[in-house]
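Take a moment to look over the sequence and the model, then try each question before reading on.

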Protein chains: 2
Amino acid sequence: MNGAQALIDTLYKAGVRVCFANPGTSEMQLVAAIDKHPEMRGVLGLFEGVVTGAADGYGRMADAPAATLLHLGPGFANGAANLHNARRAHAPVVNIVGDHADYHREYDAPLTSDLEGAARPFSNWVKTSASADALAGDGAQAVAEAMRYPGAIATLIAPANFAWEDAKGAAEPQRPQAAPQADAALIEKAAAALKSGKAAALFLGGMALREDALEEAGRISEATGARIICETFAARLQRGEGRVPVERLPYFGEMAAEFLSGFSSVVFIGAKPPVAFFAYPGKPGRLSPEDAEIFEVADARTDALSALRALADALNAPKTHSKRQPHFVPPPMSGKLEPAGVAAALAELSPEDAIIIDEAATAGLAMFPMTAGMKRHDWLMLTGGSIGFGLPAGVGAAIARPDRKVICLQADGSAMYTVQALWTMAREKLDITTVIFNNASYAILNIELARVGAGNPGPKALSLLDLSNPMIDWVEISNGMGVPGVRATTAESFRDALKEALEARGPRLVEADLRP
Amino acid sequence: MNGAQALIDTLYKAGVRVCFANPGTSEMQLVAAIDKHPEMRGVLGLFEGVVTGAADGYGRMADAPAATLLHLGPGFANGAANLHNARRAHAPVVNIVGDHADYHREYDAPLTSDLEGAARPFSNWVKTSASADALAGDGAQAVAEAMRYPGAIATLIAPANFAWEDAKGAAEPQRPQAAPQADAALIEKAAAALKSGKAAALFLGGMALREDALEEAGRISEATGARIICETFAARLQRGEGRVPVERLPYFGEMAAEFLSGFSSVVFIGAKPPVAFFAYPGKPGRLSPEDAEIFEVADARTDALSALRALADALNAPKTHSKRQPHFVPPPMSGKLEPAGVAAALAELSPEDAIIIDEAATAGLAMFPMTAGMKRHDWLMLTGGSIGFGLPAGVGAAIARPDRKVICLQADGSAMYTVQALWTMAREKLDITTVIFNNASYAILNIELARVGAGNPGPKALSLLDLSNPMIDWVEISNGMGVPGVRATTAESFRDALKEALEARGPRLVEADLRP
């Protein structure tokens with residue numbers, strides 16, 4: 001058994017079932033080890049941003065890490081942006097990055113770079129294995145690090161010669177560090193504030209947005225009248241008909257500050273107090289009301305379900321509650337396709353337990369409120385702000401949950417970043433419907449240009465935000481990568497196209513033509 | 001005048017004429033400053049790998065830096081792989097990376113990361129500006145650092161508030177550090193070895209492969225019989241009819257070692273002694289013959305033209321020489337399209353002073369030898385081994401030299417990495433003909449799999465190297481991004497398609513279908 005085989009065996013023993021890969025020469029032994037392992041699935045992405053974004057989507061839906069297989073420093077860097085998103089989502093990911101043989105590094109061959117340095121800003125844990133025998137133990141540690149509640153980015157660098165040299169064998173799985181528990185005294189204080197009768201909010205993020213945790217939040221709201229709010233960009237929100245409804249903090253800082261301004265106390269569980277996404281001249285950075293009592297009961301790495309349950313119990317909240325989202329679907333639209341028409345069709349047609357991947361940006365603002373009452377579903381968002389997340393995350397989610405329909409709501413500019421993901425959807429015959437919101441623009445930046453005080457832009461500035469020259473033909477691109485595509489320009493034709501795509505099994509793309 | 005305007009003015013004064021950009025909110029003031037500057041050209045890329053690869057191609061052809069405009073840590077990371085290639089090419093590039101306002105960093109907003117840490121492994125110089133007033137001076141320094149002979153990657157991080165705050169004005173250009181000169185005593189020693197009559201080679205790289213430097217190499221060869229060899233992956237080789245012909249070191253280490261084994265002395269100018277691209281079990285790392293005399297006269301950062309001229313003069317070499325490549329074009333091919341058919345058509349049809357961007361990988365092995373005698377041209381190669389270089393570099397080369405035809409020889413797997421470059425070709429109406437070598441495979445990896453001792457692969461391993469399921473339809477993808485595309489399956493139809501593409505002005509794509 002060589003080091004590569006010992007490592008792949010170890011990952012499997014520790015629960016890793018899928019390896020998203022774009023390998024190169026330094027990973028060939030690892031490819032061969034995957035090949036020999038009867039139950040480790042290898043999934044090829046045609047760019048590393050697809051590989052790491054898929055691992056993010058997988059991790060969020062499986063609550064267990066997939067592995068990635070990446071090629072040296074540049075290969076890692078190509079995947080870094082989606083690792084940034086995964087890190088902000090606290091998703092579990094194990095990166096295996098091949099490096100030159102350790103004795104080859106001194107030659108400074110063309111692909112040599114500071115791989116550890118490249119990995120560190122986008123990982124929670126980085127280690128370079130020191131020998132063939134060390135690879136397996138390091139792999140077990142990487143999985144345990146990735147499973148640090150609720151998830152983390154663990155990057156293991158595997159020099160090529162350790163992969164081909166003899167090794168003792170697989171290592172036993174390591175137990176991940178237990179999730180810290182919220183401070184009991186702080187829970188008591190928060191409970192006292194919630195009982196005071198003043199306007200209060202439960203501000204939730206991370207694992208506090210899963211169905212079981214939200215049930216506890218519903219008890220608390222029932223007992224105290226506290227409103228339930230979630231962070232603007234959540235890793236995975238379980239919502240829809242019958243679940244505990246959650247209000248979402250607005251994106252723009254001044255709207256968010258206004259939204260929160262009425263509260264006398266805010267209790268944070270699974271989230272930290274919100275800050276503006278960017279700084280703007282003369283606008284606030286911290287968004288919580290200055291005069292409110294702030295209770296940071298549990299951050300993203302503290303057990304959210306236990307914290308919410310303890311808080312509900314401290315309040316003597318009833319075991320059952322009435323905070324359930326009723327069924328609601330907006331009426332169908334007609335005429336020229338607008339974002340609301342997309343939302344109405346989505347709300348009407350989404351099957352139960354759909355997984356919605358939301359990277360629709362400005363064009364998608366209508367999606368979230370209009371779908372609140374549709375059949376129950378998971379809603380995954382762009383946690384780190386680095387675009388190119390949606391299509392790859394759809395790949396990973398579909399592989400984690402092959403029994404469920406994945407729907408990617410995808411802005412055009414962001415879709416182009418990792419457009420290669422369509423090919424993997426076709427190859428793996430994944431049950432994904434992608435909706436491209438084609439407004440032929442980085443529309444958000446037209447708003448941001450004014451907000452940073454750079455208004456009254458001329459043609460050169462506008463051209464740097466514009467995708468209309470030439471028009472991108474998403475149907476041709478999709479077909480070219482093996483995913484059947486269709487374009488819709490009216491609300492009626494969009495609804496028909498979406499219905500057909502959702503009823504099919506396998507990848508489909510619907511271009512929603514939103515141009516004026 | 002704000003900091004952004006002072007910076008853009010400074011870049012212009014220092015000779016920067018083009019900014020390849022994919023901006024976000026933190027760069028909006030810089031976009032507005034480009035907008036207001038009458039002569040700074042802004043070119044949008046739909047992914048940062050396009051932006052940085054374009055800057056590489058531009059820098060190689062202009063011998064002056066373009067600027068890039070990148071968005072925070074993830075935006076930089078998306079561009080890092082092509083910066084790795086540019087760094088290995090010693091191409092001049094100035095990266096301007098927007099960061100959060102300095103007072104906003106403490107909030108750890110979603111897009112926050114260790115930006116300096118991310119930039120360092122892929123830059124020769126990194127600086128974060130400390131104030132609005134500092135931006136202009138830092139910009140002048142960045143250009144000077146980028147122009148350190150023959151070129152370097154300078155990354156300037158611009159916090160958003162310094163861009164919008166008032167600044168004193170533009171800074172004066174700074175003089176780049178002068179190129180070091182080769183050691184005169186070492187030149188004398190090398191000359192003595194070359195005069196000894198034993199088998200000798202001039203091993204050239206970097207700036208030693210430009211026409212003027214090769215003229216000096218021709219004199220040396222005329223006087224001594226030394227063979228002229230170039231590194232396997234050169235930034236820019238000027239070759240073709242009438243120029244001094246150069247032999248290229250083979251890619252595979254054992255072939256390279258064999259190629260060099262007959263020489264008693266090797267003189268390196270613009271290059272360092274070659275090493276294997278990767279380590280393989282039981283194969284050599286250093287490729288120069290162990291018993292040869294090695295003269296490292298000038299590395300890539302030492303003035304190559306002066307070193308060659310001094311060496312020629314030390315040899316009392318004649319002012320003129322006979323080492324000129326005669327015109328040669330292979331006969332046209334017919335029948336099923338093979339790589340040789342592509343090469344024959346290219347050699348026949350390339351116009352004078354074409355710029356060839358070579359990322360054709362295995363399918364392109366025939367290109368270089370078969371085109372040696374075609375009309376004079378520049379040949380740009382993948383210096384850093386990080387795939388996804390070719391199409392973006394074509395964009396940059398075409399913008400640097402709008403008077404010349406650019407021809408991208410592009411492997412399919414590598415093309416997919418930065419396929420978004422096609423859109424910029426269409427938008428900017430660049431005079432680029434792209435040839436896609438479609439063998440539906442990461443073919444090089446099928447070779448490497450065996451070479452690292454992981455032979456006899458099963459279906460899972462092969463599937464991770466395979467691009468045939470589904471087939472990528474390059475014509476549809478190209479059309480979808482606005483570049484007219486056509487597919488050729490025979491040598492005759494390929495020649496016709498290439499002829500039509502080269503005779504047109506503007507972007508075209510020809511898919512060379514090389515599948516068996």
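**A guided look**

Q: In which loop is the place of A:Phe328?
A: Helices here are DSSP runs of H or I with at least four residues, strands are DSSP runs of E with at least two, and both are numbered from the N terminus. With those elements as landmarks, A:Phe328 is found in the loop between helix H11 (304-314) and helix H12 (339-349) of chain A.

Q: Which pLDDT do local features need in this predicted model?
A: Residues are numbered from 1 along each chain as its sequence is written, while chains are lettered from A and ligands numbered from 1 in the order in which they are written. This is a predicted model, where totals for chains, interfaces and linings use all residues, side-chain atom pairs count only at pLDDT 80 or more, and local features need pLDDT of at least 70.

Q: Does A:Phe328 count as buried, exposed or partly exposed, and why?
A: A residue is buried if 20 or more other C-beta atoms (placed from the backbone) lie within 10 Å of its own, exposed if 12 or fewer do, and partly exposed in between. A:Phe328 has 13 C-beta neighbours inside 10 Å, so this residue counts as partly exposed.

Q: How many of the 15 residues of helix H6 of chain A are buried?
A: Helix H6 (residues 132-146) of chain A reaches 22 Å from its first C-alpha to its last, close to the 21 Å expected at 1.5 Å a residue. That expected span is 1.5 Å times one less than the number of residues. The buried residues of H6(A), including A:Leu135 and A:Val143, pack against helix H1 (3-13), strand S4 (93-99), strand S5 (125-128), strand S6 (153-159) and helix H7 (160-164) of chain A. H6(A) is mostly covered, and its buried count is 11 of 15.

Q: What radius of gyration does chain A have?
A: Chain A comes to 20 helices and 18 strands, and 65% of its 516 residues are buried. Its C-alpha atoms fill a box of roughly 65 × 60 × 45 Å along the principal axes. The radius of gyration is taken over C-alpha atoms, and the globule rule is 2.2 Å times the number of residues to the power 0.38. For 516 residues a compact globule would have a radius near 24 Å, and chain A agrees with 23 Å.

Q: Which strand pairs with S14(B) in the parallel sense over 5 bridges?
A: Two strands pair if DSSP finds at least two bridges between them. Strand S9 (residues 237-239) of chain B runs antiparallel to S14(B) with 3 bridges, and B:Leu237 has B:Trp379 as its bridge partner. B:Ile357 stands opposite B:Leu380 in S14(B). The parallel partner over 5 bridges is strand S13 (residues 354-359) of chain B.

Q: What kind of rotation axis relates the two copies?
A: Copies are superposed by least squares on the C-alpha atoms of residues with pLDDT of at least 70 in both. A rotation of 180° with 0.0 Å of shift along its axis superposes chain A on chain B, with RMSD 0.0 Å. The copies are thus related as by a two-fold rotation axis.

Q: Which helix gives the most to the side of chain A that touches chain B?
A: Here 83 residues of chain A are in contact with 83 residues of chain B. The most, 8 residues, come from helix H4 (residues 72-88) of chain A.

Q: Which residues does B:Pro110 touch, not counting residues up to four places away in sequence?
A: B:Pro110 is in the loop between strand S4 (93-99) and helix H5 (115-119) of chain B. It is buried, with 20 other C-beta atoms within 10 Å. Leaving out residues up to four places away in sequence, B:Pro110 touches A:Arg88, A:Phe233, A:Phe277, A:Thr383, A:Gly384 and A:Gly385.

Conventions: Two residues are in contact if their C-beta atoms, placed from the backbone, lie within 7 Å.
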